[in-house]
Amino acid sequence: MSAPNSQWFFPLSALQATPSACSLERELYDRARGVEFLFRLGSSLQLPTSAMCTAATWLHRFYMRYPLEEFHRQEVAAACIFLATKTEECGRKLVDVAKVYQAKVQNIQDINKIPSDSPEVEDCQKAILFTEEVLLEALCFDFVVENPHSELVDLFDSCESDPLVQEYAWSLAHDSFRTPVCLLYPPRIIATACLVLAQRLFDGPNSPSLDARISATSPAAHLPTPPSHKPPSPDATRVVVERYGFSDSELSSIADVLSIMLEFYSAQDAESYPYLSRIASVTPPTTSTARPRLFVPAAQITATVSSTQINTQQVPEENLGRTPRSLHGDPSPEPSSANSPANQNGMIP
């Protein structure tokens, strides 16, 4: 479902008509890597969640109008971050963004070891400013972005969900930006999908299916119930579906978001991140719309991108297993253990 009269919501078919020359699987894989780099920049700059989510949304919007072959994902990510620091009123100096960029490229832990007047930092600043000019044109100077995190805060206040479910949902909302769902569906749809999936992970494999959780009517509503008892609900997230009174098309959109996100998790490296198998093992909703496959394991992506990059320095290839760590706040506290819902790799365990 897309918001009416919005230039920033696209049909699924639009993903197959982007300016990039590579395959759709390759493009979405590189976009996800760009968002990963963007989150790493934002976390090092100690940006609020809203700024990073806004920047990630812009990265996806940018590549709907410009090809990957002409604008490298890392420079687009840095330009999105720099612009977001201005529009989200969390200003950072351009030189600081460039230094953090170089720290990631050169794998330097201490940013103070990078001279502000080094040729690499100066070249990086020029590249960011150049890309920012193109970004402004791509965005049509429309900087307004709504993200699912603000919707989740409202849902947390109204649904009385377990704190661990909230942590799961928050992390899933971060990971949603590794997929193109922010281009396809409104924030409320994405937030609801994240909360439903979080509750399913919390409840375990023997709990009701995703189809039951997002059905138009609760399965339990048809069961005879003693008048002295409330009808049992198949899961705690039924209150979300019932509270918003989603239409059939909106419920179908929630199913689509769940399907896309589960496909993304299934394509990740389970050997490097075994905890992702918990998510990948969840059965997608059967009510989702038929569509082409968007994500495949990296080893299956054979298409190459002949890139004319402004800056040839690139961060080494990494698995897509990290998101900003957060407990619903702007700072990103270190997890207390490997079993924390927002663990060292960012995705939920």
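Student: Where does E36 lie?
Tutor: E36 lies in helix α1, residues 24–44. Helices here are DSSP runs of H or I with at least four residues, strands are E runs of at least two, and both are numbered from the N terminus.

Student: Is E36 buried or exposed?
Tutor: E36 is buried, at a relative accessible area of 4%. Buried means under 20% relative accessible area, exposed means over 50%, and partly exposed is in between, with a 1.4 Å probe and protein chains only.

Student: How far apart are the C-alpha atoms of E36 and D175?
Tutor: They are separated by 9.3 Å. Along the chain, E36 and D175 are 139 residues apart.

Student: What kind of model is this, and how are residues numbered?
Tutor: It is a predicted model, where local features need pLDDT of at least 70, side-chain atom pairs count only at pLDDT 80 or more, and totals for chains, interfaces and linings use all residues. Residues are numbered from 1 along each chain as its sequence is written, and side-chain values use heavy atoms, with hydrogens and water left out.

Student: OK, bigger picture. How many helices and strands?
Tutor: The protein chain has 13 helices and 0 strands. From the N terminus on, the elements run α-α-α-α-α-α-α-α-α-α-α-α-α.

Student: What percentage of the residues is buried?
Tutor: Buried residues make up 56% of the 349 residues in the protein chain.

Student: And contacts in the protein chain, what share comes from residues 24 or more positions apart?
Tutor: Take the contacts with a separation of 6 or more. Of those, 77% are between residues 24 or more positions apart. Contact means heavy atoms within 4.5 Å.

Student: Which residues touch the most other members of the largest nonpolar core?
Tutor: L38, L152 and L195 do, in a core of 105 residues. A nonpolar core is a set of buried Ala, Val, Leu, Ile, Met, Phe, Trp, Tyr and Cys residues joined through side-chain atoms within 4.5 Å.

Student: Which domains does this core draw from?
Tutor: It takes at least three residues from each of domain 1 (20–139) and domain 2 (148–218 + 235–299). Those bounds come from an automatic or database domain assignment.

Student: What is L38 in contact with?
Tutor: Set aside its neighbours within four places in sequence. Then L38 contacts M52, A55, A56, L59, A77, C80 and I81.

Student: Switching to helix pairs. How do α2 and α5 cross?
Tutor: Helix α2 is residues 49–62 and helix α5 is residues 119–139. Their axes come within 10 Å and cross at roughly 80 degrees. That makes α2 roughly perpendicular to α5.

Student: What are the cut-offs for those words?
Tutor: Angles under 35 degrees count as roughly parallel, over 145 as roughly antiparallel, 65 to 115 as roughly perpendicular and the rest as oblique. Axes are lines fitted to C-alpha atoms, for helices over the stretch in contact, and angles run from 0 to 180 degrees between N-to-C directions.

Student: Which residues meet there?
Tutor: From α2, W58, R61 and F62 meet V134, L135, A138 and L139 of α5. By class, this contact has 6 nonpolar, no polar and 1 charged residues. Nonpolar covers Ala, Val, Leu, Ile, Met, Phe, Trp, Tyr, Cys and Pro; charged covers Asp, Glu, Lys and Arg; the others, Gly among them, are polar.

Student: Tell me about L135. What does it touch?
Tutor: L135 touches W58, F62, A79, C80 and L83, not counting residues up to four places away in sequence. L135 is buried, at 1% relative accessibility. The C-alpha atoms of L135 and F62 are separated by 6.5 Å, though the two are 73 residues apart along the chain.

Student: Now loops. Where is E89 found?
Tutor: E89 sits in the loop between α3 (73–87) and α4 (94–106). E89 is exposed, at 74% relative accessibility. E89 has a positive phi of about 55 degrees although it is not a glycine.

Student: And N107, buried or exposed?
Tutor: N107 is exposed, at 61% relative accessibility. N107 lies in the loop between α4 and α5. Its phi is positive too, about 55 degrees, and N107 is not a glycine.
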